[in-house]
Amino acid sequence: MQEMNRADLIVGLQWGDEGKGKIVDNLAQKYDYVCRFAGGHNAGHTIVTEGKTYALHLVPSGVLNKKAINVVGNGVVLSPKDFIKELEQFDDIDGRIYISDKAHLLLPYHAEIDQARERLKGDKAIGTTGKGIGPAYGDKITRVGHRVGELLNPEKLCDGIMGYFKINKPIFDAMGVSTPNKEELLAELKEYKEALGSYITDTTLMAWDALDSNKRVLLEGAQGTMLDIDHGTYPYVTSSTTISAGACSGLGIAPHQIGNVIGIAKAYCTRVGNGPFPSEDLGEKGEYLREKGHEFGTTTGRPRRCGWFDAVAMRHAVRLNGVSNISLMKLDVLDGLDEVKVCVGYEFEGKEIDYVPYTLEDIKPIYKSFKGWEKSEGVREFSDLPKEAQDYILELEKLCGAKVGIISTSPDRDDTIIRD
Ligand code: GDP
Ligand code: IMO
Ligand code: MG
């Protein structure tokens, strides 16, 4: 019997910004389809190649491979305005990009609601990207959202949204959220139809056809495991299923059609926004990592909080996602440190634990110390890495319970060690 064709999956294992964009772009050269399945333009995926840097938010990171078809799946919340703007940097996109008719629309009022809620929360704010992600997914779950397919009939969609404004008027007024009038809204929706109409399709059927005809399909996760709505550090999370399970519902493919799960992790750890981060380093080492790693948000420009690799959270992520292989990113950022630390356990309610409890607040990290190394930057063979860096990676494999198959030593597409 012929072996079943499966889609491979890229997933973030920490709090996002692990370097997913670089690896998707690197691997995309070997795939026919690259599909996003969750999140929206809160994502910021960076690709550096031939001296040029691209920051992608909604467009899948396969876009630089001229042969790959890029799919925005139904699990994504799509801001037409931001998507259109992002597409402007590519002049050869026709026939290479498709959007699910079932993806939910994220419209400007969602961003206003997001920002108003954050303001009202004061010091309890989540530190969202302010892009409207929570309100758009909220509308989807409470069944008052609108979908991309509706853009094909702007008059009907406009009436639907005006009805939604009417019901929500008291809340919007209290929060200071503005809404367009009917003429403005209709004009906006017609513009979106004009720009995007030809890309809208049933991407679930498309994915099935691709798999049935033995095409190579790569699924591109957004955000990271610790930001997952169920398994992350709730409520300091995003509003979608960011783990590998989200790829099935976010695209419409069955679990048995998922093949390799490649988990992306930095060789240290970062988080942007609020919420617990046990291995955060608030001292000069954290500052060193931020400066050396250019740890400033791709989407919002905010400084990212920095700290040490958390092997407890990583084991949790490996298990949740069914990781077959880890891509260890930004090893070069640790170059030049005398000592590199790894969080190997947590102290929680006076006890030492080796798992992720339901909250990470009030956790104290337990560290293991490693000897640093001089230089790994730009190295492309495992055997050319300094011995201490090799030892660090081999120990991480043991601590995390997964093989490190790819190691990245600079932002450039080609500065990548493929071990497996
Ligand atoms: P993503 O959201 O997971 O795609 O990651 P981001 O693009 O938001 O953040 C990762 C950042 O690290 C980007 O600026 C990348 O160009 C950069 N980067 C990726 N891999 C490496 C690496 O191995 N070394 C260094 N120094 N930078 C890297
Ligand atoms: P990529 O795909 C890092 C964080 C925000 C905030 C929380 C909720 O580039 O890895 P939201 O706007 O989603 O409601 O914000 O989630 N966040 C990310 N952090 N990388 C991302 O995406 C993120 N997307 C959302 O900073 O803490
Ligand atoms: Mg990012």
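How much space lies in the largest cavity? In this predicted model, the largest cavity holds about 50 Å³ of space. The structure contains two cavities of 30 Å³ or more.

The lining of the largest cavity draws on several stretches of the chain. Its residues are His-104, Leu-105, Leu-107, Tyr-109, His-110, Ala-136, Asp-139, Val-144, Gly-145 and His-146. Strand S8 (104-105), helix H3 (108-121) and helix H4 (133-141) each give two or more residues to this lining. By class, five of the lining residues are nonpolar, four are polar and one is charged.

His-110 is one of these lining residues. It belongs to helix H3. Is the residue buried or exposed? His-110 has a relative accessible area of 3%. Buried means under 20%, so His-110 counts as buried. Its contacts reach well along the sequence. Leaving aside residues up to four places away in sequence, His-110 touches Leu-105, Gly-132, Pro-135, Ala-136, Asp-139 and Tyr-164. Among them, Leu-105, Ala-136 and Asp-139 also line the largest cavity. Gly-134 lies 24 residues from His-110 along the chain. The C-alpha atoms of the two residues are 8.1 Å apart.

The second largest cavity has a volume of about 40 Å³. Leu-13, Gln-14, Trp-15, Met-226, Cys-269, Asp-310, Ala-313 and Met-314 form its lining. Six of these residues are nonpolar, one is polar and one is charged.

Conventions:
Residues are numbered from 1 along each chain as its sequence is written. Chains are lettered from A and ligands numbered from 1 in the order in which they are written. This is a predicted model: local features need pLDDT of at least 70, side-chain atom pairs count only at pLDDT 80 or more; totals for chains, interfaces and linings use all residues. Side-chain values use heavy atoms; hydrogens and water are left out. On a 1 Å grid over the protein atoms alone, a cavity is a set of points where a 1.4 Å probe fits but cannot get out, and a pocket is an open set with protein on both sides within 12 Å along at least five of seven lines; lining residues have an atom within 4 Å of a point. Grid points are joined across faces, edges and corners, and a volume is the space filled by probe spheres set on the points. Helices (H or I, at least four residues) and strands (E, at least two) are DSSP runs, numbered from the N terminus. Ala, Val, Leu, Ile, Met, Phe, Trp, Tyr, Cys and Pro count as nonpolar, Asp, Glu, Lys and Arg as charged, and the others, Gly among them, as polar. Buried means under 20% relative accessible area, exposed over 50%, partly exposed in between (1.4 Å probe, protein chains only). Contact means heavy atoms within 4.5 Å.
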